[in-house]
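Open the model in your viewer and keep the sequence panel beside it. This tour tells you what to select at each stop and what is there.

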Amino acid sequence: MATLREIRQRISGVKSTQKITKAMKMVAAAKLRRAQDGVIAARPYARTMRDLLQHLGGIVDVSAHPLFVPRPVGRAAVIVVSADRGLCGAFNTNILKTSVNHIRDAFGPLHASGNLSVITVGKKATDFFTKNGYAVAASYPGIFAALDFGKAQGIMSGIVTRYLNGEFDRVDVVYNEFRSIIQQRVVIEQILPIPQISNRDDEGISSRPDYIYEPSSAEIVAALVPRHLNFQIWRILLESYAAEQGARMTAMDNATTNASDLIRGLQLSYNKARQTSITKELLEIVSGAEALKTSA
């Protein structure tokens, strides 16, 4: 059984940890507010740009643009977006597990033959895939410390260059989508080639209004594609960052609550041990007094 001193030390240690978890929860809450505002602002623009490209893809021959044309997949890449730090519950575990399963299910033969590359964003993904023998084509650890649009452009520029050079025939991304403070959803999306969705129904009738584009629709496609890709990866980084802060806030709140429960349990154990110690001392005093009476 632990001594009174040991229990006091444990209570003091748990209280110190609780102060840290409470502070981390407050920091995560402040960061989440800013990240959530960024996600909410980015989503409509990203959605509208994607819809516009899909509409143009139905009325313009996009086969002239290499980023639209599907080709036999001999080499592929998977972008994995994780956090730079831990202490955010199952956030990193879920993204890494889903990524490994996606690589195995969708690109198993390519991975076995060495034709599958991983592009990691975030320190946790970089460490995991490097240590486990995956071919890491590029890594971006520590990017969330000072996240800005220029970094998103740099990531996308490198991927597009490799795709155009034939190093990749398909590029997917795995990331956590922010749903709410207590909910994140792991999402797998195809980035390249840019997916096309038909604008016509089963009877061949266009389901979208026809617009007049100035300059030509083909020129607009060429101008929009790089903007679309840059902003999509920017939105993905914002989604992941907001989801990370939500997961960390929830994890630190749970840790603070658990610390309170643990302190109450330790305090109860301390009181019981103290009561036992006092009772033992009283018994020893009474026994000593009785012994003195007997000897007298």
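**Before you start**

This is a predicted model, where local features need pLDDT of at least 70, side-chain atom pairs count only at pLDDT 80 or more, and totals for chains, interfaces and linings use all residues. Residues are numbered from 1 along each chain as its sequence is written, and side-chain values use heavy atoms, with hydrogens and water left out.

**Stop 1: the whole chain**

Show the protein chain as a cartoon. Trace the elements from the N terminus: the order is α-β-α-β-α-β-α-β-β-α. Now colour by burial. Of the 296 residues in the chain, 38% are buried. Buried means under 20% relative accessible area, exposed means over 50%, and partly exposed lies in between (1.4 Å probe, protein chains only).

**Stop 2: the largest pocket**

Select Arg-50, Glu-189, His-228, Gln-232 and Arg-235. Of the 23 residues lining the largest pocket, these lie nearest its centre. The volume of the largest pocket is about 420 Å³.

The terms are as follows. The search uses a 1 Å grid over the protein atoms alone; a pocket is an open set of points where a 1.4 Å probe fits, with protein on both sides within 12 Å along at least five of seven lines, and lining residues have an atom within 4 Å of a point. Points are joined across faces, edges and corners, and the volume is the space filled by probe spheres set on them.

Which elements each supply at least two residues of this lining? Select α1 (4–59), β4 (170–180), β5 (183–192) and α5 (217–295). Helix α1 gives the largest share, seven residues. Colour the lining by class: nine residues are nonpolar, six polar and eight charged. In this scheme Ala, Val, Leu, Ile, Met, Phe, Trp, Tyr, Cys and Pro are nonpolar, Asp, Glu, Lys and Arg are charged, and the others, Gly among them, are polar.

**Stop 3: helix α4**

Select residues 149–164. This is α4, with 16 residues. From first C-alpha to last, α4 reaches 22 Å, close to the 22 Å expected at 1.5 Å a residue. The expected span is 1.5 Å times one less than the number of residues.

Next, show the side chains of Ala-152, Ile-155, Met-156, Ile-159, Val-160 and Tyr-163, which are buried. They share the same side of α4 because they cover an arc of only 130 degrees around the axis. That arc is taken from the directions from the helix axis to the C-beta atoms.

Go to the N-terminal end of α4. Asp-148 caps it, with a side-chain oxygen 3.0 Å from the backbone nitrogen of Gly-150. Just after α4, find Gly-166, with a positive phi of about 85 degrees.

Move on to Glu-167, in the loop between α4 and β4. Glu-167 is partly exposed, at 32% relative accessibility. Its C-alpha is 8.9 Å from that of Ala-77, 90 residues apart along the chain.

**Stop 4**

Select Phe-231 in helix α5. Phe-231 is buried, at 14% relative accessibility.

Is Tyr-241 buried or exposed? Its relative accessible area is 17%, so Tyr-241 counts as buried. Tyr-241 and Phe-144 are 97 residues apart in sequence and 7.2 Å apart in space, C-alpha to C-alpha.

**Stop 5: backbone details**

Most residues other than glycine have a negative phi, and most peptide bonds are trans. Select Leu-87, in the loop between β1 (76–81) and α2. Leu-87 is not a glycine, but has a positive phi of about 60 degrees. Leu-87 is exposed, with a relative accessible area of 52%.

Finish at Pro-193, in the loop between β5 and α5. The peptide bond from Leu-192 to Pro-193 is cis, with omega near -10 degrees.

Technical notes:
Helix = DSSP H or I, 4+ residues; strand = E, 2+ residues; numbered from the N terminus. Polar contact = N/O pair within 3.5 Å; in protein donor to acceptor, adjacent residues only side chain to side chain.
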